[in-house]
Amino acid sequence: MQKIKILWADDEIDLLKPHILFLQQKDYEVVPVTNGVDAIETLRQQHFDLVFLDEHMPGISGLEALTKIKEDQPDIPVVMITKNEEEYIMDEAIGSKIADYLIKPVNPNQILLSIKKLIDNKRLVTEKTTQGYQQDFRNIGMAFQDKMGFTEWCNLYRKLVFWELELSQTTDNTMADVFGMQKAEANHNFSKYISDNYLDFMQGKGEDVPVLSHNLMAKKVFPLMKEERPVFFVLIDNLRFDQWRVLQPVLNEYFRVEEDELYMSILPTTTHYCRNAIFAGMYPSEIEKRMPKFWSNDEDEGGKNMHEEDFLKDLFSRSRIDTKFSYTKVTNLDGAKNLMDNVSNMFQNKFNVIVYNFVDALSHARTDMHIIRELAEDEKAYRSVTLAWFENSPLLETLKKIASKDVTLVITTDHGSIRVHEPVKIVGDRNTNTNLRYKQGKNLSYDKKEVFEVKDPAKAFLPRQHVSSGFVFARNNDFFAYPNNYNYYVNHYKNTFQHGGISMEEMLIPFAVLRTK
């Protein structure tokens, strides 16, 4: 069992040596620092289970350090220690979700008790959360006035997800409504950013070109394979960043997160295009040209992701990687149980791919089944259902088995999804694809102001089915609807989770590297 690791920040740390020795005798590992800045930097460089934080230190205060720590690692318990008995200091600290609050001088048993218990005050947390978002509301709004690159958009989206999760735990519905409007504004600006820059990204132009689906393996995964430990690459289909954020604390018991980033899915944001690009290490049009018998266009019958293992073998060959690997796709409960039973055989491989389809299946079931709509009515409920599944899934049991060995675990996805609200009228012929967030065809009619259009698919490295065919993508929370039987169509699909178009939720998706503890 690995020791509990504690970071203790206090400018009088030398006076606390008896306390530190006491904890070390209790088999705790304690790392001392003397100021808030060092505490923040040390936490970014090393994993800790708990933080003791002096409120009054030179440089930034304990409360200021606490804010930064919680932005970086929302789930880490922080115990505030201070000589100051002012009530407002206590309220500020508790409202910032500290785990405990101690008044100096403290004795060793107080410290030990604080380690063993966590306290929380829901009212103060709610008040502090609301106050914190109100203070950050203006900063987020001001960011829209600047010319943001991909890195800035990732930082903004992470901040929005942070506040979405925080506000979802409060009872302040008014503030949640305000957040919803600001998030919609963010998606509007993000869609404009993509419309202005996407084709350049596909050409590799610009200073802040993101990691995209087709080069995810080369840029982020293959470097991990240079280490001795096996790599498990787990792709959970259609996993949004906010969903990853609620799953992550479950995994923290077994793994340590070493890298937690966002990358950008290509368009269309569907399994057909994004996941094939990931495993082939090529754009869709390049896949079609190199391996035409393995590529299916939208209008072709049959499955569109039947050859991912073949794509991966070809990518390894082109990359001159000669290593033993496995590929497992889970699409049902029997497959999940088989994976759980056989995972021990995978440790002998250098690289193991596991594709898990549950979240995407949940999204489609929510569209078609009334009871699932009720269970996953909105984003909060959607996250809750995803978490409930994960906590009781064969996948988690499989990951626990993986955690028994010294391995590198990658958790990622191919695209996300967005809850659609606004219908956009479009007209196409009978060969037009059925996806609600993008359309491909040769006789499409639409309002150019309402979509992102790619008249020449070659510029977006997309296959061209016909000489005159192009692509159009829905933006923000729009979805395409045909004029025929319009009202029924709109009522059926409004407020369902869809993917294929342009939004932060669909395109800014998680890539996390974890190590076993």
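The largest cavity holds about 60 Å³ of space. A cavity here is a set of points on a 1 Å grid over the protein atoms alone where a 1.4 Å probe fits but cannot get out, and its volume is the space filled by probe spheres set on the points, which are joined across faces, edges and corners. This is a predicted model, in which local features need pLDDT of at least 70 and side-chain atom pairs count only at pLDDT 80 or more, while totals for chains, interfaces and linings use all residues. Residues are numbered from 1 along each chain as its sequence is written, and side-chain values use heavy atoms, with hydrogens and water left out.

The structure holds one cavity of 30 Å³ or more.

Now for the nonpolar cores, meaning sets of buried Ala, Val, Leu, Ile, Met, Phe, Trp, Tyr and Cys residues joined through side-chain atoms within 4.5 Å. Buried is under 20% relative accessible area, exposed over 50%, and partly exposed in between (1.4 Å probe, protein chains only). The largest core has 111 residues, and Met217, Phe233, Phe279 and Phe351 touch the most other members. Helix 7 (residues 150-168) supplies the largest share of this core, ten residues; helices (H or I, at least four residues) and strands (E, at least two) are DSSP runs numbered from the N terminus. A second, separate core of 20 residues includes Val33, Leu43, Phe48 and Met57.

A search of the whole structure turns up 31 salt bridges, each a side-chain nitrogen of Lys or Arg within 4 Å of a carboxyl oxygen of Asp or Glu. Lys220 pairs with Glu259, the closest N and O atoms being 2.6 Å apart. This pair links distant parts of the chain, with Glu259 in strand 7 (residues 255-264) and Lys220 in helix 9 (residues 216-221), 39 residues apart. Lys220 is buried at 16% relative accessible area, whereas Glu259 is partly exposed at 21%. Lys220 also meets Glu261 in a salt bridge (2.9 Å, N to O).

Note on methods: On a 1 Å grid over the protein atoms alone, a cavity is a set of points where a 1.4 Å probe fits but cannot get out, and a pocket is an open set with protein on both sides within 12 Å along at least five of seven lines; lining residues have an atom within 4 Å of a point.
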